[in-house]
Amino acid sequence: MLTSPSCNLKRGTAMLSLTGIALSCLKQKLSKQGTLFCILCIASLIGQTFGAAEVVWAVNCGGQAHTDVHGIRYQADSLQIGYASDYGKSLTIQRVVPQDQILYQTERYHRSTFGYDIPVTKDGDYVLVLKFSEVWFTSSSQKVFDVILNGEHTIVNELDIYAKVGRGVAHDEIIPFSIKNGKLRVNGETSQIDGKISVEFLKGDLDNPKVNAIYVIKGIVEDVPKLAPLPGGDNLREETDDEEEEEIDNAKPSKSRRPSGPKAKDPYATDDTSTMLLPVFMAIGAFIPLLFCLCKL
């Protein structure tokens, strides 16, 4: 379960209160068994407090502030580049609870490359979560783009949201990275940072880049709440892949299949006709002298 800094503060206060209660148990000179139980409770509560992932930054792209079911507080989008859209509100987004569909219904897109600056500078392990849903196109290969981190690292290559999950379905890209001594490391690559890092959505040849929501936590991938399984599960994706392969196979020419439509004109048809008429011309040539002789008789 993820928490924002304010949630961590409240949770920490509650933990301290419970810790105080446990300590009072110790002061009352309980039995050894009771004392051990209190110590175990304190250790468990402290472990939960410091084990919670910290939300460093979150924004509901193209939309208003929102707190999701995991306690992540998304700020309203104040970016002045590109276009904010809530067209996705016309759809019911799958794989996400109704309360959080708004995170996938609003979006920011641009007719050129655009991005956000993320205020991350401290050393540690982080995870960047990019939220997407295709709310306009009804087929693949219509909107395809890359995502670049810190101006150098391609963290998502040729993203086709529809090809991934279809229309009106939530999709998250989860990218772990780390910072140490002023350097960012992601996917085995390293680059220098200066007070912040950037995440950019690169304009390609197929429509405009977009994003629905973004957040960064200080933690590991296992701390990130996962979306529900795809509708129909993996079997549906396998069936879809099989159908696509079958369509490709059907598109290939077959020797046993009779081609449809009129036959194409043979560019060598004239030469073939001349060859076929040659015996006819020879027979006529031989018949003319014979006919001349018969006329004389």
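**Exercise 1. Determine the strand order of the open sheet and name its edge strands.**

Solution. Strands are DSSP runs of E with at least two residues, numbered from the N terminus, and two strands pair if DSSP finds at least two bridges between them. Eight strands then form an open sheet in the order E2-E3-E1-E15-E7-E10-E11-E12. The pairing is mixed. Strand E2 (66-67) and strand E12 (189-192) each pair on one side only, which makes them the edge strands.

The model is predicted: local features need pLDDT of at least 70, side-chain atom pairs count only at pLDDT 80 or more, and totals for chains, interfaces and linings use all residues. Residues are numbered from 1 along each chain as its sequence is written, and side-chain values use heavy atoms, without hydrogens and water.

**Exercise 2. Find what stands opposite valine 127 in E15 and in E10.**

Solution. Start with strand E7 (residues 124-132), which pairs with strand E15 (residues 213-218) in the antiparallel sense over six bridges. In E15, isoleucine 217 stands opposite valine 127. Next, E7 and E10 are joined by nine bridges, also in the antiparallel sense. Here proline 176 of E10 stands opposite valine 127.

How values were computed
Helices (H or I, at least four residues) and strands (E, at least two) are DSSP runs, numbered from the N terminus.
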